[in-house]
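Please read it with the sequence and the structure at hand.

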Amino acid sequence: MLGILDQLKSKWEKTDVYKSIFRHNYQDTQRNRALQIVDNVFLHLHPVRISRHATNIGFTWGMGGITFLLFIVLTITGVILMFYYRPAAEYAYDDMKYLMNDVAFGPLMRNMHRWAAHAMVITVMLHMFRVFLTGSYKPPRQFNWVIGVILLTLTLFLSFTGYLLPWDQLAIWAVTVGTNMARATPLLGHEGPFGPELGMKIDNDVRFVLLGGTQVGPPTLLRFYVLHCIFLPLVGGILMIVHFWRIRKDGGISGPDVTSKKF
Amino acid sequence: MEHLLKIISKPDNLPIILMLVLTLFYAWLAWKKAAKNDRQDISEEAKQADKVQVWPYLVKVEFLGALVVMVILTFWSFLLDAPLEEPANPALTPNPSKAPWYFLGLQEILVYFDPWIAGVLIPTFIIIGLAAIPYIDINPKGNGYYTFKERKFAILTFCFGFLLLWVALIVLGTFFRGPGWNLFWPWEYWDTHRVVALTNIDFTELFGIPTRLVDDSLNPVAMIFGSVVIVAWYLIAVVYYVWKKNTDVMQKLGLVRYSITAFLFLTMMAVPIKIILRLTLNVKYILVTPFFNI
């Protein structure tokens, strides 16, 4: 019986179909280990070999990777939530209630989206903390740190715009408190220094542009929805590609320079 | 005590406790690693500089890490529901109204500064300051391994900003601020009707110089005095430069990098100073002008 299965397996492995999908066999050789990385579109983000300290979770804390994982979780749960949610003031809250009470796995998807979002803010901060403490922003990685700072602010904006979408008391008042700051923008806000002198009023300043009105209302909901679901993830995604690519181009994860004498 | 449990067990406050615990844990871990590296000639990281294959040595760690995170996240999502309060009502302001938790440090600073500083200027300086770090810190040591000895100033400054001015203020804003944004102990009942006397005075008034004259117009003497105090604060940078001009570090740093570093550093340090001035001497403004107050 087993003999037949083995025969079938080796036959199958010789077919054009199999060979077109899998480029190498799975014997544990150095060559296959390398091919496992370079022949895989997802894994080839990695180099084939890295220094041993970089696999040590005590060194990296894994926070960058966890942040990326949470971003993927958020993308998947977010898309599922979009099937049930309409970003209009008359529907939004009812859709939330529907999602929490009547949709199969609705609460799980929403809970996971919210907790992963909070967790991502924390892991992004810890990632930055680790990168700072190991001096990994030093040459040649200076610009990748700058991209990281932009990604940090994008993470906060993503979380902040998502905060409004449930359209409950918690949402609109948290966003009201947050966006009230924009009133006071110097030059561009109607309550900021030199704002009124430059003709800023409540209905033409930077806060008005952000909210699409003079207070947090239905146009704000739509604006934040578009920013949250399209604009910010798109910009974040592009910058993430640059961020990851530059890690490779700048010589992989940071480590002591063992070629020079001082380390 | 009952109240403490109530605010700690609020689902949206759990991340703050998580942040606090994780930040302290990792600060301790990094400190331990730095201390160990500083004791020996070769860093632990340099001892592990030999190459290994990513498959399986790194992929294994990544896979297990992802698994652990997903298990925790799934349990968290099963056990705790995301909050959903009453429908949005622009006519009903909750007291206290709080921003999302990660902005509570900034909302806390709003007590001590006008919104254009706390809500716009300080966040902008935080972002610019963070982005500037790689270009103003030209110390080549400590690249790729934990150390404290080799970059004391950089690490102390960053930890001061991150742990005290960011993390600690978020905790303060969440657990110590109740209705009317008044200070409450975490175990204290949030009394909506608590009356707090407004006894704030301006910095110049500590020295007997009134901010406004009898006819309610601004006192030019107070304005000049306030401006002098602020200019004097930033003059510390000039004095320090003249003092250290000929040192090796200052020569390498150069005037431009030094100016940016000194400005960002003094601005950051001014924040806790204003907080202390408010909490001890009830100081409201250092400088009052017709256009803005600091």
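## Domains of chain B

Domain bounds come from an automatic or database domain assignment. For chain B, the assignment gives domain 1 (1-85 + 100-192) and domain 2 (197-294). The structure is a predicted model, in which local features need pLDDT of at least 70 and side-chain atom pairs count only at pLDDT 80 or more, while totals for chains, interfaces and linings use all residues. Residues are numbered from 1 along each chain as its sequence is written, and chains are lettered from A and ligands numbered from 1 in the order in which they are written.

The centres of domain 1 of chain B and domain 2 of chain B, taken over C-alpha atoms, are separated by 29 Å. Between these domains, 14 residues of domain 1 of chain B are in contact with 17 residues of domain 2 of chain B; two residues are in contact if their C-beta atoms, placed from the backbone, lie within 7 Å. On the side of domain 1 of chain B that touches domain 2 of chain B, the elements giving two or more residues are α6 (115-136) and α7 (152-175) of chain B. Helices (H or I, at least four residues) and strands (E, at least two) are DSSP runs, numbered from the N terminus. With six residues, α6(B) gives the most to this side of domain 1 of chain B. By class, this side of domain 1 of chain B divides into 10 nonpolar, three polar and one charged residue. Here Ala, Val, Leu, Ile, Met, Phe, Trp, Tyr, Cys and Pro count as nonpolar, Asp, Glu, Lys and Arg as charged, and the others, Gly among them, as polar.

## Interface between chains A and B

Chain A places 83 residues in contact with 74 residues of chain B. Several elements of chain A each supply at least two residues of the side that touches chain B, including α3 (30-38), β1 (49-51), α4 (57-60) and α9 (169-180). The element of chain A that gives the most to this side is α7(A), with 16 residues. The side of chain A that touches chain B comprises 49 nonpolar, 25 polar and nine charged residues.

The two chains are also linked by strand pairing, a term used if DSSP finds at least two bridges between two strands. Strand β1(A) and strand β1 (residues 51-53) of chain B pair in the antiparallel sense over three bridges. Within this pairing, A:Arg49 has B:Gln53 in β1(B) as its bridge partner.

## Helix α11 of chain A

Helix α11 (residues 218-249) of chain A has 32 residues and reaches 45 Å from its first C-alpha to its last, close to the expected 46 Å. The expected span of a helix is 1.5 Å times one less than its number of residues. A kink of about 40 degrees in α11(A) is centred on A:Leu227, where the bend at a residue is the angle between axes fitted to the seven residues ending there and the seven starting there. After α11(A) comes A:Gly251, with a positive phi near 95 degrees.

A residue is buried if 20 or more other C-beta atoms lie within 10 Å of its own, exposed if 12 or fewer, and partly exposed in between, with C-beta atoms placed from the backbone. The buried residues of α11(A) include A:Thr220, A:Phe224, A:His228 and A:Leu232. The buried residues of this helix pack against α5 (63-82), α6 (89-101), α8 (142-164) and α10 (206-211) of chain A.

## Backbone features and individual residues

Two cis peptide bonds may be located in the loops. One runs from A:Pro139 to A:Pro140, with omega near 5 degrees, and A:Pro140 is placed in the loop between α7 and α8 of chain A. Another joins B:Asn95 and B:Pro96, with omega about 0 degrees; B:Pro96 lies in the loop between α4 (54-79) and α5 (104-109) of chain B.

Positive phi values also occur in residues other than glycine. A:Phe194, in the loop between α9 and α10 of chain A, has phi near 65 degrees. This residue, A:Phe194, is partly exposed because 14 other C-beta atoms lie within 10 Å. B:Asn282 has a positive phi of about 60 degrees and lies in the segment after α9 (248-281) of chain B. In helix α9 of chain A lies A:Asn180, which is 11 residues from A:Glu191 in sequence and 10.0 Å from A:Glu191 in space, C-alpha to C-alpha.
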